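I set out to record what I looked up in this structure.

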Amino acid sequence: MSVRTLAKNQPASFAFTSEALEQSKRVIAKYPAGRQASAVIPLLDLAQRQEGWVSRPAIECIAGMLDMPVIRVLEVATFYTMFNLHPVGKTHVQVCTSLSCALRGSNDVVKACQEKLGVGLGETTPDGAFTVSEVECAGACVNAPVAQVGDDYYEDLDFDSTVKILDAFKRGEKPPHGSQSGRDASAPAGEPTSLTEDPTKPIAKQDLVAAKAAFEKAKAEAAAAAAAKASGKA
Ligand code: FES
């Protein structure tokens, strides 16, 4: 379970850049008057994309822009693990350790990060190059275990593939994201077990007239049997 607290060291202030401010105005304009609070998540995201993390002054600034109590924005920022409440390294590795990922080996992913980078969950390498975070369900359970780096998901991970990915980032490369086990998206890892028929084959025509006649016959027989039973009782 990830712990969500604000950073101890906070900047004195926060302001959106003029470009981010224009973007936030466009986002707010999408919602009806009086419903601007609906823009809270996109605005927190904009603040994070600008600063790399979400500070208390950013939360206060957004609360002012959306006419919301600061506590309401704070609740959203602390609930979603997608928001970094502390400064993070250049490469932010977010490892999902929720149930599906845990069952599929997220411990090995964490172990690979620890061995390769020398830092544990919630820690940043001394050179500021990598931060490893623990996050709640990343919404890609079918490809568990999963780690998110930037906007990309690395899926079907194990110890070795995690090491390979980290090595590539260390070299300044951007390794291919998606399934690391070679399967196509979320297709079955082995042979398909359902929907195995050829979907391009024409569907066999059904004799609906015969089917209806059989149904009516069965219905009449059931009614006759029920009547016979009732008259026997009488
Ligand atoms: S549990 Fe990890 S993606 Fe859902």
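The entries below follow the order in which I looked things up.

**Entry 1: conventions.** I noted that this is a predicted model, in which local features need pLDDT of at least 70, side-chain atom pairs count only at pLDDT 80 or more, and totals for chains, interfaces and linings use all residues. Residues are numbered from 1 along each chain as its sequence is written.

**Entry 2: the whole chain.** I found eight helices and six strands in the protein chain; these are DSSP runs numbered from the N terminus, helices being H or I of at least four residues and strands E of at least two. From the N terminus on, I read the order as α-α-α-α-β-α-α-β-β-β-β-α-β-α. The radius of gyration, taken over C-alpha atoms, is 28 Å, well over the 17 Å that the globule rule gives for 234 residues, so the protein chain is more spread out than a compact globule. That rule is 2.2 Å times the number of residues to the power 0.38. I also noted a box of roughly 90 × 50 × 40 Å, taken along the principal axes, which the C-alpha atoms fill.

**Entry 3: domains.** I looked up the division of the protein chain and found domain 1 (18-79) and domain 2 (91-179), with bounds from an automatic or database domain assignment. Their centres, taken over C-alpha atoms, are 28 Å apart.

**Entry 4: the sheet.** In which order do the six strands of the open sheet lie? I read E2-E3-E1-E4-E5-E6, with mixed pairing; two strands pair if DSSP finds at least two bridges between them. Strand E2 (123-124) and strand E6 (178-179) are the edge strands, each pairing on one side only. Helix H6 (residues 106-117) packs on the sheet and touches E1, strand E3 (130-135) and E4; a contact requires C-beta atoms, placed from the backbone, within 7 Å. The direction of H6 makes about 150 degrees with that of E1, where axes are lines fitted to C-alpha atoms, for helices over the stretch in contact, and angles run from 0 to 180 degrees between N-to-C directions.

**Entry 5: strand pairs.** I found strand E1 (residues 91-96) antiparallel to strand E4 (residues 147-149), joined by three bridges; valine 95 stands opposite alanine 147. E4 also pairs with strand E5 (residues 152-155), again antiparallel over three bridges, and glutamine 148 has tyrosine 153 as its bridge partner. Two residues separate E4 and E5 in their hairpin, where glycine 150 in the turn has a positive phi of about 60 degrees. E5 and E6 are parallel, with two bridges, and tyrosine 154 faces glycine 178 there.

Conventions. Two residues are in contact if their C-beta atoms, placed from the backbone, lie within 7 Å.
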